Amino acid sequence: MNPDLFVMTLGEVQTPIADGVFDPVKDEVVLKDGTVKTNYYRDVLGVKFYQPLDKSHFPQPPSGWCTWYYYYNRITAAEVQRNAEWIAANLKDYGAHYVQIDDGWQGTGAKGSARNWEATNTERFPKGMADMAKHIKSLGLTPGLWIAPHGQNNDDVVKANPGVFLLKPDGSTASDTWEGRFLVDPSNPASHEYLGRLFKRLSDWGYDYFKIDGQPIVVDKYGKTREFMKSPSGDAAGLYRKTIQTIHSAIGPNRYLLGCWGIPLEGAGILNGSRTGGDIVLGWGGFQVALRPTLQYYYLHNIVWYSDPDVVLVRSPLTLEQARAWATLQGLTGQALMSSDRLMDLGAERVELLRRIYPATDIRPLDLFPTERYKRIWDLKVNHLERRYDVVGVFNFDPEKADQVYLNWKELGLPTDKLVHVFDFWNKEYLGEWANGMAVPTSPTSCRVLTLLPASDKIQLISTSRHITQGPVDLVAVSQSAAGDSFKGTSRLVKNDPYQLSFAFPRGTNHVVARATARAGRSKLPVKISNHQGWATVEITSPETRKVDWEIQFAPGELYQFPPSEPVHLAAQRVGLDGVNLSWQEQYYLNAGYQVYLDGQLLGYTPEAKFPIRGLDAQATYTAKVKAVWEDGRESVRSGQIKFSLAALLPDKLSLAELEPARSTGQWDGYEIEELLTPAPLSVAGTHCDQGLSSFANSETEFDLKGLYGKFTALVGVDDRSDENASAQFLIFGDGKELWRSGTLKKSDQPKSVEFTIAGVRKLTLKISSPEQNANRTQADWIEPKVSKRDR
């Protein structure tokens, strides 16, 4: 499988790229070769308390809005009301239903810190929290509340509830953490009565969604404070589970319970959902905070619980392209979808992004394993109303460089004997019908969303505009006449939201919409027809949110053709150790793009005068040919051609920083965000370096050198941004055999020089270990890591 590929499904999907079938009830995987892996989530993935997600009360993840990432703990009743009313008027019909009030509503403790759940901040919520919930419900929305329930800061509350909190013999607290200066004793029945009363009161206020924060802290402290418990126990996880079972019993099955902060796997089978990442930040770094847990923990989503990678932001300082990438992350994965901007301040283009991803849909992972690689191709496979198609997100995470990403139809599991229609969802543009694959241009920090539909000899419905999934949210029914020249269907439309149906035509033909009608009951609705070469659209607008019946009739149309001409001046530029980027002169005369061949085999289509080729043998010689192509598939008579050998393009010395690792582990341990916010050059003992590799302790990074280089050199050391007491040991392995180790290096140590022979080594692994308890805060650097060819 392409290591850049990340796969999800919506509907009953079967694909040749699946390795087997998973039964969530049995927790069992059956591979294609008949191998059975029992207790897969429990034993292989380490979800000790695995139970399949109960979807009887919440068939889909929650969608709505959270106060935290605009207001933080300075939220007020007036601002909640303004946003809730805006949601009701502008997003409710699109599927945004939850309004979750975060930190800031509660009272303070004796020292002024806000961990008193027995009181309300009356300055910010003068009418109380029950009144706030009532107003939100009056808008047809669902109120939610944040709380860190295991903690408490108010001394009076602790005194009024004897035995509830963990105390030392002298009466002082046994646990003072972010969760609160005091922590409930999970072994005392009085604590469970306290938690039950607390959540019954919050439920009686009218709240139906609870985000309980700091959960991994609670489990950790229960493992360290058992001597202060009423009934000491070494089963910290079991004690914790009893507390959240108490909470869930108090709120009942119809209220949503979200665990928060890190990955509280101890809550599996009890929590409806869980945050899987840290707090996002403003800008592109915030997107990466959501990206990492999506890739690393998506296998939990819609199987163990509904995953929540934290909120989606679309406001400045994000560019529109960056906001679109963030929206795509949410829309293609179906995770819990909570925005957190001041919604009434957003411009129309940014509101449009939210409207195309609400609500979160019933998307599930196909990749039932974690990943620690930034994957650029996100393939959502959809089966809805017998329409089978792929919605593919193509990402460029680089903040500076434009890129081309090659989509190989076979690697995506698409038929290899058919052409594939390509439609650009965000730009509402048909891109043609192509064989074998396509190179997709991407700008820095951006994302393209392409709909891929295997072509037939008839007109096909390729896209609908209501939602990024392009059908399951909006399309109720669709049918096509036996002759293939007419369609009828029913769609759910949102009031005053133009709804576009896009149709693609078989290659070499053209059609026009001869007639289109739309009705809601007896009311005839306005219809806008747009005819293009190779495709057409029909746009319907309804003054009310409702189901609409539509009919469309096509007629033959004229096809324009232009003879493509020969590409010239081909060049091949090396990329890594197994690839080249082809380029050629842009053409003066008209074409639809180019088709690229390698040793006579068609690789695919590109709209630009360049094409990426990967997976090459460095010792082989290749011949690449390029032909210009027209929309009907007609190619230029002559082709541009280049013959190249990758070995001849390899430099004598190469920095590992230029290579894409074959494997990388441990980079994303923990859930702190600071690791994303330090783009400064590497620095060890005051020595700065612009080029190198940096990762956190207890990680491995592997490079496939293919035996092409003979020597490795570098400087190693603990980065100046690590904690003061940080230390690390650097190890290097060649094809699994240890070649070198540094011994323990401290932050105060000067960088250590490395130089040794790696002749014949294919897999070079750089490993960092640390004895420190907080090793995830130890940043270790490989400065100027280079490989050079053997001496001749």
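Which residues line the second largest cavity? I looked this up before anything else. The lining consists of Phe423, Phe425, Lys428, Ser463, Thr464, Ser465, Gln500 and Ser502. I am working from a predicted model.

**Entry: second largest cavity**

I noted a volume of about 40 Å³ for this cavity. Two strands, strand 25 (460-464) and strand 28 (499-504), each give at least two residues to its lining. I sorted the lining by class and got five polar, two nonpolar and one charged residue.

**Entry: largest cavity**

I counted two cavities of 30 Å³ or more in the structure. The largest cavity holds about 60 Å³ of space. Its lining is made up of Cys66, Gln100, Tyr209, Lys211, Leu258, Arg275, Asp308, Asp310, Val311 and Met338. By class I have five nonpolar, four charged and one polar residue there.

I then followed up Asp310, which is one of the lining residues of the largest cavity. Asp310 sits in the loop between strand 15 and helix 10. Its phi is positive, about 85°, although Asp310 is not a glycine. Is Asp310 buried or exposed? I find a relative accessible area of 2% for Asp310, so it counts as buried.

**Entry: confidence**

I checked pLDDT along the chain. The mean is 94, and 96% of the residues reach 70 or more. Residues 668-679 have pLDDT below 50, and this stretch has 34 contacts in the model beyond near neighbours in sequence. Where pLDDT is low, the predicted coordinates should not be read in detail.

**Entry: second largest pocket**

I put its volume at about 900 Å³. The lining of this pocket has 30 residues, and Gly20, Val21, Phe22, Leu366 and Leu368 lie nearest its centre. Which strand gives the most to this lining? Strand 2 does, with three residues. I list strand 2 (20-23), strand 3 (28-31) and strand 17 (364-365) as each supplying at least two lining residues.

**Entry: nonpolar cores**

The largest nonpolar core has 134 residues, and Tyr41, Ile101 and Trp105 touch the most other members. Apart from this core I found another of 52 residues, among them Trp584, Ile642, Leu708 and Ile758.

I took Trp105 for a closer look. Leaving aside residues up to four places away in sequence, Trp105 touches Trp117, Ala119, Thr120, Asn121, Phe125, Met129, Leu145, Trp146, Leu202 and Trp205.

**Entry: Gly104**

I placed Gly104 in the loop between strand 6 (98-101) and strand 7 (106-107). With a relative accessible area of 5%, Gly104 is buried, because the cut-off for buried is under 20%. Beyond residues up to four places away in sequence, Gly104 touches Asn73, Ile75, Asn121, Arg124 and Phe125. I also took the C-alpha separation of Gly104 and Thr120: 9.0 Å, for residues 16 apart along the chain.

**Entry: Asn161**

Asn161 lies in the loop between helix 5 (155-160) and strand 11 (182-183). At 13% relative accessibility I count Asn161 as buried. Which residues does Asn161 touch, not counting residues up to four places away in sequence? I find Tyr194 and Arg197. Asn161 and Glu193 are 32 residues apart in sequence, with their C-alpha atoms 10 Å apart in space.

**Entry: backbone geometry**

I noted a cis peptide bond from Ser316 to Pro317, with omega near 20°. Pro317 is in the loop between strand 15 (306-308) and helix 10 (320-333). I noted another cis peptide bond between Tyr358 and Pro359, with omega about -5°. Pro359 belongs to the loop between helix 11 (348-355) and strand 17.

Asn39 went on the list for its phi, which is positive at about 50° although Asn39 is not a glycine. I located Asn39 in the loop between strand 4 (36-38) and helix 1 (40-44).

Note on methods: Residues are numbered from 1 along each chain as its sequence is written. This is a predicted model: local features need pLDDT of at least 70, side-chain atom pairs count only at pLDDT 80 or more; totals for chains, interfaces and linings use all residues. Side-chain values use heavy atoms; hydrogens and water are left out. A nonpolar core is a set of buried Ala, Val, Leu, Ile, Met, Phe, Trp, Tyr and Cys residues joined through side-chain atoms within 4.5 Å. Buried means under 20% relative accessible area, exposed over 50%, partly exposed in between (1.4 Å probe, protein chains only). Contact means heavy atoms within 4.5 Å. pLDDT is the predictor's confidence in each residue, from 0 to 100. On a 1 Å grid over the protein atoms alone, a cavity is a set of points where a 1.4 Å probe fits but cannot get out, and a pocket is an open set with protein on both sides within 12 Å along at least five of seven lines; lining residues have an atom within 4 Å of a point. Grid points are joined across faces, edges and corners, and a volume is the space filled by probe spheres set on the points. Helices (H or I, at least four residues) and strands (E, at least two) are DSSP runs, numbered from the N terminus. Ala, Val, Leu, Ile, Met, Phe, Trp, Tyr, Cys and Pro count as nonpolar, Asp, Glu, Lys and Arg as charged, and the others, Gly among them, as polar.
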